[in-house]
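Q: I am new to this structure and would like to learn how to read it. Could you take me through it feature by feature?

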Amino acid sequence: MSDNKYLPFRTCIGCGKKCDKSSLIKIVKNKNGEVFVDADKNTFGRGAYVCKNIQCVLKAEKKKRLARALKLDDCGKIYEKLKCIAGDENGQDI
């Protein structure tokens with residue numbers, strides 16, 4: 001038997017690059033309409049993924065891609081949280 005494990009790939013809403021699920025940040029809108037960053041990546045609901053890269057977060061914000069993906073009007077607080085997470089991952093100050 002082969003030891004090939006299936007690795008789920010997702011597309012970053014910032015750059016459009018396909019990456020394995022573990023290297024992306026997941027944002028979820030659950031059935032109650034709550035939007036949050038999903039650290040364990042197992043929460044059910046409408047989801048979107050973005051790279052752990054500040055440039056991808058900024059590009060997604062500029063083009064309003066998170067609002068389109070999650071069918072939202074205002075994503076300001078989520079973008080601020082994503083900038084903090086991506087800035088910490090890259091060792092940058094925002």
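A: Gladly! Let us begin with a term for surface and interior: a residue is buried under 20% relative accessible area, exposed over 50%, and partly exposed in between (1.4 Å probe, protein chains only). Please keep in mind that this is a predicted model, in which local features need pLDDT of at least 70 and side-chain atom pairs count only at pLDDT 80 or more, while totals for chains, interfaces and linings use all residues. Residues are numbered from 1 along each chain as its sequence is written, and side-chain values use heavy atoms, with hydrogens and water left out.

Q: Is Lys83 buried or exposed?

A: Lys83 counts as buried, because its relative accessibility is 12%.

Q: With which residue does Lys83 form a salt bridge, and how far apart are the closest N and O atoms?

A: The general idea is that side chains of opposite charge can pair when their charged atoms come close. The rule used here asks for a side-chain nitrogen of Lys or Arg within 4 Å of a carboxyl oxygen of Asp or Glu. Lys83 pairs in this way with Glu61, with 2.9 Å between the closest N and O atoms. That pair links distant parts of the chain, since Lys83 is in helix H3 (residues 76–90) and Glu61 in helix H1, 22 residues apart. Helices here are DSSP runs (H or I, at least four residues), as are strands (E, at least two), numbered from the N terminus. Glu61 is partly exposed, at 27% relative accessible area. Glu80 and Lys83 also meet in a salt bridge, 3.6 Å from N to O. Shared partners join Glu61, Glu80 and Lys83 into one network.

Q: How many salt bridges does a search of the whole structure find?

A: The search finds 3. One of them pairs Lys26 with Asp38, whose closest N and O atoms are 4.0 Å apart. Here Lys26 lies in strand S3 and Asp38 in strand S4, 12 residues apart. Lys26 is buried at 8% relative accessible area, and Asp38 is buried at 4%.

Q: In what order do the strands of the open sheet lie?

A: Strands of a sheet pair through backbone hydrogen bonds, either parallel or antiparallel. Two strands count as paired if DSSP finds at least two bridges between them. In this model, an open sheet of 3 strands has the order S4-S3-S5, with antiparallel pairing. Its edge strands, S4 (35–38) and S5 (46–51), each pair on one side only. Strand S3 (residues 24–29) is joined to S5 by 6 bridges, and Val28 stands opposite Gly47 in S5.

Q: Which residues of H1 are buried?

A: They are Ile54, Cys56, Val57 and Ala60. Down the axis of H1 these fall within an arc of 160° (taken from the directions from the helix axis to the C-beta atoms), so they line one face of the helix. The face turned away from that buried side carries the exposed residues Gln55 and Lys62. Lys62 counts as exposed because its relative accessibility is 71%.

Q: How many disulfides are there?

A: A disulfide is a covalent bond between the sulfur atoms of two cysteines. The cut-off is a pair of cysteine sulfur atoms within 2.5 Å, and the count comes to 0. The sulfur of Cys15 has its closest cysteine sulfur in Cys56, 3.7 Å away, which is too far for a bond. Cys15 is partly exposed at 37% relative accessibility, whereas Cys56 is buried at 7%.
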